[in-house]
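Take a look at the model below and let's walk through it together. We'll start with the strands and finish with the charged side chains.

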Amino acid sequence: MDDVAYIKTPLGVAKIIGNAYGLSAITVLNSDEPLTDVIPESLEDAVYQLNEYFEGKRTDFSLTLNPEGTEFQKKVWTELQNIPYGKSKSYLELAKLLGDPNATRAAASANARNPLWIVVPCHRVIGSDGSLTGYAGGLHRKQWLLNHESPVKQQSLF
C-alpha cells in the first residue's frame with residue numbers, strides 16, 4: 001500500500017507517493033489539493049529534502065527511489081541523476097551517454113515519462129540549441145527550476 005502526501009512548493013502543490021520500498025512518484029499538480037497535515041513516515045525524508053531544495057539548501061537528493069518503468073526508461077532516469085545541479089545536457093548528449101546517439105527520441109520519450117519530479121532532474125535536459133523543449137510540468141516550471149539552480153542569479157531591476 002502506497003502512502004501519499006500533498007505539499008506546497010513554489011511551483012504548485014506536489015503529490016508524493018511511496019512506501020517503505022522507496023518513492024514511486026512525485027508530480028506537480030495544476031490544481032490545488034488539500035495539503036497533508038501529517039506526513040506519512042515513509043515520505044518524511046522526501047518532504048524534508050524537497051523543502052531544503054526549494055529553500056536553496058540542497059543540491060542533490062539521497063532518497064530510495066522505486067519508480068515503475070521499462071528497463072530503458074530506468075536507464076535514462078538513472079543517467080538523469082548524473083547531471084549535476086546547475087548544469088544541463090541536451091537530448092543528444094543524453095542519448096550518447098546511453099550509448100546510442102540515434103536514441104535521442106527514445107531518450108526524450110523516457111525523459112518525458114519521468115515519474116519523480118525534481119529528484120530525477122529531467123528539467124536539466126534541453127534542446128541542442130539551448131532551447132527549453134518539452135516539459136510535462138510546463139515550460140514555465142522548467143525555466144523556474146533552471147533559474148533556481150543557476151550559479152548566476154538574475155537580479156531584478158525593480
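Here is a short tour of the sheet, a helix and the salt bridges.

First, some housekeeping: this is a predicted model, where local features need pLDDT of at least 70 and side-chain atom pairs count only at pLDDT 80 or more, while totals for chains, interfaces and linings use all residues. Residues are numbered from 1 along each chain as its sequence is written, and side-chain values use heavy atoms, with hydrogens and water left out.

Let's begin with the sheet. Three strands line up in the order E1-E2-E3, an open sheet with antiparallel pairing. Strands here are DSSP runs of at least two residues, helices (H or I) are runs of at least four, and both are numbered from the N terminus. Two strands count as paired if DSSP finds at least two bridges between them. At the edges stand E1 (3-9) and E3 (22-28); each has a single partner strand, so one side of each is left without a neighbour in the sheet. On average, neighbouring strands of this sheet are turned by 20 degrees against each other, direction ignored. Now follow strand E2 (residues 12-19): its antiparallel pairing with E3 runs over 6 bridges. You'll also find Ala-14 opposite Val-28 in E3.

Next, find helix H1 (residues 44-54), which lies across E1, E2 and E3 and runs at about 15 degrees to E1. Such angles run from 0 to 180 degrees between N-to-C directions, with axes fitted as lines to C-alpha atoms, for helices over the stretch in contact (heavy atoms within 4.5 Å).

Now for the charges. The structure holds 3 salt bridges, each a side-chain nitrogen of Lys or Arg within 4 Å of a carboxyl oxygen of Asp or Glu. One of them joins Glu-52 and Arg-58, at 2.8 Å from N to O. Are these two buried or exposed? Glu-52 is buried at a relative accessible area of 15%, and Arg-58 is buried too, at 16%. Buried means under 20% relative accessible area, exposed over 50%, and partly exposed in between (1.4 Å probe, protein chains only).

Lys-57 makes a salt bridge with Glu-55, with the closest N and O atoms 3.3 Å apart. Lys-57 counts as exposed, with 63% relative accessibility.

Finally, Arg-124 and Glu-149 form a salt bridge with their closest N and O atoms 2.7 Å apart. This pair links distant parts of the chain, 25 residues apart: Arg-124 sits in the loop between helix H4 (104-112) and strand E5 (125-126), and Glu-149 in helix H5 (residues 139-149). Both Arg-124 and Glu-149 are buried.
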